[in-house]
Amino acid sequence: MTIMTGTSTTARPASLRQCGTSALPIRTRRMRSLLRSLLALLVVATFAGCDFLDPTEVTNPTVTQDDFINLPNAATTWTHGVERQLAIAVNDLVLFGEVGSDNLFNNRTLFTRTFDIPEMEPVDAAVVSMQREVQRLRAMADDGLNLVVPADEGATDETRARLHYHRAYASLAAGEYFVGLPAEGNGPVLGPQAHLEAAIQDFEEARGLSSDPALQGAATLGIARAHHRMGNMDEAVAAAEQVRANDPLLLRSVEYDISDGPTNTMQTAIYDSGQDEFQPLPRMDFLFPKYFSVSATDQSAIAIAKGEEAFLILAEAALARNDLQGARDLMVEVLGIVDQRPTAMVDDESQQRGRAGGTWIYPNRSEVLVAASPDDEPLPGLVLDRQDGPVEVPTVSGTSVTADRIAGAQSEEALLELLYLMRQEIFVVEGRRIVDLGIRLPVALEEAEANENISLDADVLRPFIPAWIPGDRGMNRFDYEDGDEVAVIHHNLNRALVENRTSDAILPFH
Amino acid sequence: MSIRVRSLPLVLGGIAALLGSGALAAQTTGTIEGQVLAAGSGQPLAGVQVSVDGLELGALTGEQGRFTISNVPAGEHTVRAERLGQATETRTVTVQPGETVSIEFALADRAVALDELVITGQGSEVSRRRLSTNVDVISEQDLQTSPLSRLDQVLQTGLPSVQVRMSSGQPGAGAQMRGRGPVSASQGSTPVIYVDGVRVDNLNSQAELSMGQATGTQTSAIADIPMENIERVEYIPGGAATTLYGSDAANGVLQIFTSRGTPGPSDFSISTQVGYETPIRDYFHFPETVDLLYRNGLTQQHQISGRGGTSDMTWSFSGSVRDRAGYRIDNNASRSYSGRTGLTAALSDQLRYDGSFSFGWNHYDRARDGNLGAYTPLWLLEGGRIFALGFNNNLSAASQSELNDLQGFLNQAEALMDRRVQVARAQTSHTLRWEPTNELSFRALAGLDHRSSTERVIETNEFLVHTRVHSPGTDDQGTINIYDRDFLGLTLEAGGQHRGDFGPFDVITNAGGQLFREDDTQAQRTALNVRDGSETVRGAGTTNADDVYLTLVNYGAYAQQNWGYRDRYFVELGLRADGNSAFGDDIGFQYYPKLGFVYDMSAEDWFQFGSLSNVLSELRFRANYGVAGNFPPPYTRDRTVSFASYLGQQSVGFGNPGDPGLGPEKTHTIEFGGDLEAWDGHFTLRGNWYDARTRDALFAAPSPPSTGEAVQLRNVGEIQNSGIELQLSGEVYRTSDLTVRLRGSFNTLNNEVTDAGGTSVFSITGHSAGTIQSVIEEGQPVGMLRGNKATFGPDGTVESVEAIAHLGSPLPERFGTLGMDVGIRQNLRLNVSADWQTGARMHSFNRQFRYLHGLDDPLVPPAMLEQDRSANWLRMTDQFVEDTDFLKVRNISVQYTVPSHLAQRVGQSVDLGFSIHNPIGWWSSSFNPEADYSGAQSQGGATVGGFNYAMDPSPRTFMANVRVRF
């Protein structure tokens, strides 16, 4: 090698290059010796299989599915994962379902802004997310029953029952919320009836396998709910009567985990963010916040099965049979159940009903009366004073309907309207109202694009939004300005439901 | 025919034999001495190889650019000066026995320097003349005269065919870098980076666990590469040029070479830069925003460096400290310390060692930005949202009293905000070079890059109460989030090069193997229910942790030959084979071939005669085909489960769906080009046309919802990029006292997802389909903006809305750079550089929010100002998408070399300088077309930008500098 400096030129004599090793400078000979030694060391180390010289080893720190299935108690852990997925799916159904109804209006920009209109296109992120989470719940329960449980000798009937219950809930949601969905990965689209029948089958399996009365009761109520949606009055009544007799205060909820997630997103929207995200229809104000944090580390649960529903189904069946007094009695029984549900005192001072930068200003004083429509009498007691200290709110069920109002309702129509108001209030922020209104979501475009069983012009890619649903955010509109004594809601959708009760989309027993 | 540096030892050895008799030499030889300067700047150039044609004698210049070649036989000789990164110059001298001849070289900075030596592929240096592909070079001189302290800023105007956009003015933020278009729909367009042959962390997006988010400032690993002691930067565009880099080079390769020093007397220098940063008012809708949130911030940098050496060993070092007060009222400061050393030593006549080591420590203050919501000050002010906190959101109409109140609120909020980043980084490279013969050389390299970063976000109860997120009296909502990332990259490489001459043929053969490994360990510590004042998660009401481990190994072998015939026809053949731990089990080794042709017309004998040669001094044509890849992220091939704690118990669910057939996406590039040099190098033109098709493109398409499965990367797509690259440079004026050189580049880009592989349209950045998002869709450019497009009726109100309409591409159709270098009397230099683009579009959430929040907008139909804004703001998203043509002058700098008789009172030389970064610009949009929140949604993911949303624009910077050499 030749090294040149800036001040002189040096070059190695050619004679040295051509000579043997002995003619090389001492430094060169030593370096060659060193190189030979290093090479020898490398060869020895390589053939000795020295792991410390192997930089190619890579281990995936995540467990593969094949490895997991063979782990002890895999079925228990998997089932708990399915329950976590249930919480995620319910989060979506509740969050978007409520905005897609008249219950809540997205008064800010976070979360969906299209469901309020309502527009529910197959490319809408909320549409996609809702069905993805519901389908994942079904698929995880499927794998649990078909792969994990058979491989786990320690799997119990109770575990199987829970998996059947959760798969049933996925099928129930598919049958209630969507115009249709595949029942398996890349499968053909099945209509609501098929999903509801699958739900009933799994609820029955769960009920048969479980020895837990709470799960049995929830499964029975699920059967009643599915039959109700299909309009199978006798079967629905039979199941509802079992709940009424055995567990009228039945309550099954999904819980949320502020530490590890999922968290209750609806709670964020109606309470935690402090940014007036979602605002309730003025006539529902008194029910909020149904979800809140008592401390920094807790989250409210969301009910997925409540005894009240059995009574409401029975009352609706009674009305369908024109048994008005029977219906009144059942509705009063519901009030008794609601009275037994807990309430809480909640500091909701940060809630400013749109005054923290919302789209619309909502009434926020108790002296404001609320009319359900321009044709309805303004009623007191529906709006709470939130700036004057903690407010009392129901944490499970609440209603503004009283025994006197029930007694005063003389017609089937009047009772039906009250009954659906009770459903609206009792199930508020539980994602049920959108189903009662008859709205159904389409199959996602990304499903159709990837699923050979669905054509891109299929009817299932269009939502079903009934004609009685006002557009242009009409479900949520009301007349009120600060200082007004009355807030007048534009549309009383419970009345619209009654007027259109013969439609197959709503009031299933009529 | 020129003498290549590699051939010098042989011929010098032969010549040296003649030196055995000094007396004989003294009688028949003379000496050539002189100095090599940089043309234009007049700066001395160290490390220039000066040689005598035919005699194969030579010398390297020292720090002052001086050289001496002794024992030169008497007679007429051609003396040649060549250096990596510079064009070659020759001089003819006549040596008289016993006498010394003085000559001076001025190595021109030309866009096309065909004899320039570059390092491409995995081999040693080779003349550009032989290459069928491009290599762009930023020289040490360019780096020294640049006022910029970040690599990506330097690249912004230094690389004529690469677009670099500084999307955030926050310190250490990621920049978007893109060469020949986005070749991937799943991975970023940042080129792979090598420092002294060692592959380094080039993460230019959020990490898996980080406080950065897709919709805000993300920390970049490029921003903290120590800029000390850099001798040269080479950029090799993706395609045939990067084939030998294999599965990781489709975006191109950026190589950084650091200084090892030069033989000669020790040379030390001290430099100081002091100046200030100031916000650019034109970027803001409300001038009041600038007054409320920004200020002028002092910035300073101090550096000491040295280099020197002997014939057996050379050395260099450099160390600096940089401090920025920041141009916001708070949360924008940064500080860094960095140093680098370089060493080369002759271990024997045939064996040489090269080593370098660098260390850097950086601290950045950060502010909430982008789509973080709540207290995000730029959104509150420029988006009109501040009314929600009780302030007048029409800042221009606000009274002084209202502004004072707002100022008080902001001051307190900014003081309470606590977001910080710290990065420590060490790099080292060690190379042994063995040259048993002049034709044969080997090298073995080992090196590491270790980058350790910590991001810390503390939100106190006081901050949350002050910013109205929680009610007064709240004491349990404070949080701490700490994100640690530890990256360790290992590079091992061994290879050899052989040069052979076979009559009219000569061939350069490179072969070798390379292994690199990345260990990326990340951890998140979260504390909830934290009392104010605590900066540790210990003792919090609730603590959580999360972690991520990403490990990847790539191992490959390569071979290439470059055949030359009569020094005018060249053929390149190459192949790389790679294995990779991220490839699926069914994949095996992947192969990347290349083939190139070069015809150097100017080497023809007939070219040298007549009027043609008076005009055209060089003319060369090139063509090539090559394949380069992008490997998938670690573990995405495996079907896994996902564990999660739920209510205090283990739970498990679907993880990654997995794909045993997962392989790299491969970009196949065809390129035709030519290089032209006219009027003795005073005018140069380089042109390329390329067509790059990424086959088996990795699409992170969502699985159909019915499967219940998560996103899985699959090799299903195809993406096409094609375009023209033109680089022009011309010396428009030259006298003995004044030289003026202009340069510019013009690039076109046609990008399209030509095959989506049956996947549905999916978003890479942005929001939901109902707002606006950047999507991958067949037949459209990567990242096409998609959202609601309104049609207006006769009354000017929305008549109908087209959902998920195409609203434009954030990718420019044309882009390039402009520059001017002026040299006056060798001691005054003026440099101006700019870049530009046309044909791109961008969405402004700032504007759309202002509309929603009741403020005037001159660009929407006037009737819509009277409509229910909350009902309409998302129905006409297209109204907030604008053309973003721009021409921005990035730097104006003046450097003055103090006359030596004055300078020598303090040192050998003194340079004074003044520079302005971002002095002026023009842009077509109503907003800054660069401030862009759309970072990648996942670590290393794809993004093309397109969203102006509450991001701090880069500041204007004024700097004065003094450099003294001793």
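**Notes on the two-chain model**

1. The buried residues of α12(A) pack against α11 (307-320), α13 (403-408) and α14 (412-426) of chain A. Contact here requires C-beta atoms, placed from the backbone, within 7 Å of each other. Helices (H or I, at least four residues) and strands (E, at least two) are DSSP runs numbered from the N terminus. The buried set in α12(A) includes Ala327(A), Leu330(A), Val334(A) and Val338(A); a residue is buried if 20 or more other C-beta atoms lie within 10 Å of its own, exposed if 12 or fewer, and partly exposed in between.

2. This is a predicted model, in which local features need pLDDT of at least 70 and side-chain atom pairs count only at pLDDT 80 or more, whereas totals for chains, interfaces and linings use all residues. Residues are numbered from 1 along each chain as its sequence is written, and chains are lettered from A and ligands numbered from 1 in the order in which they are written.

3. The length of α12 (residues 324-340) of chain A is consistent with its residue count: at 1.5 Å a residue, its 17 residues should span 24 Å, and the end C-alpha atoms are 25 Å apart, which agrees. The expected span is 1.5 Å times one less than the number of residues. The 26 residues of α4(A) should likewise span 38 Å, and its end C-alpha atoms are 38 Å apart, in agreement. In α4(A), 26 of its 26 residues are buried.

4. Between the chains, 79 residues of chain A are in contact with 92 residues of chain B. Helices that each supply at least two residues to this side of chain A include α2 (26-47), α4 (74-99) and α5 (125-151). The most comes from α5(A), with nine residues. By class, this side of chain A has 26 nonpolar, 33 polar and 20 charged residues; Ala, Val, Leu, Ile, Met, Phe, Trp, Tyr, Cys and Pro count as nonpolar, Asp, Glu, Lys and Arg as charged, and the others, Gly among them, as polar.

5. Glu447(A) lies in helix α16 of chain A. Which residues does Glu447(A) touch, not counting residues up to four places away in sequence? They are Ile454(A), Pro704(B), Pro705(B) and Ser706(B). Glu447(A) is buried, with 29 other C-beta atoms within 10 Å. Its C-alpha atom is separated by 7.8 Å from that of Asn186(A), 261 residues apart along the chain.

6. In chain B, the assignment gives domain 1 (5-108) and domain 2 (125-639 + 649-749 + 811-840 + 884-965); such bounds come from an automatic or database domain assignment. Taken over C-alpha atoms, the centres of the two domains are separated by 38 Å.

7. An open sheet of chain B has three strands in the order β4-β1-β7, with mixed pairing; two strands pair if DSSP finds at least two bridges between them. The edges are β4 (66-73) and β7 (100-107), each with a single partner strand, so one side of each is left without a neighbour in the sheet. Strand β1 (residues 29-38) pairs with β7(B) in the parallel sense over eight bridges, and Gly34(B) has Ile103(B) as its bridge partner.

8. Strand β16 (residues 253-258) of chain B has six of its six residues buried. One side carries Val253(B), Gln255(B) and Phe257(B), and the other Leu254(B), Ile256(B) and Thr258(B). β16(B) pairs in the parallel sense with β13 (residues 192-195) over four bridges, and runs antiparallel to β15 (residues 230-236), joined by six bridges.

Note on methods. Two residues are in contact if their C-beta atoms, placed from the backbone, lie within 7 Å.
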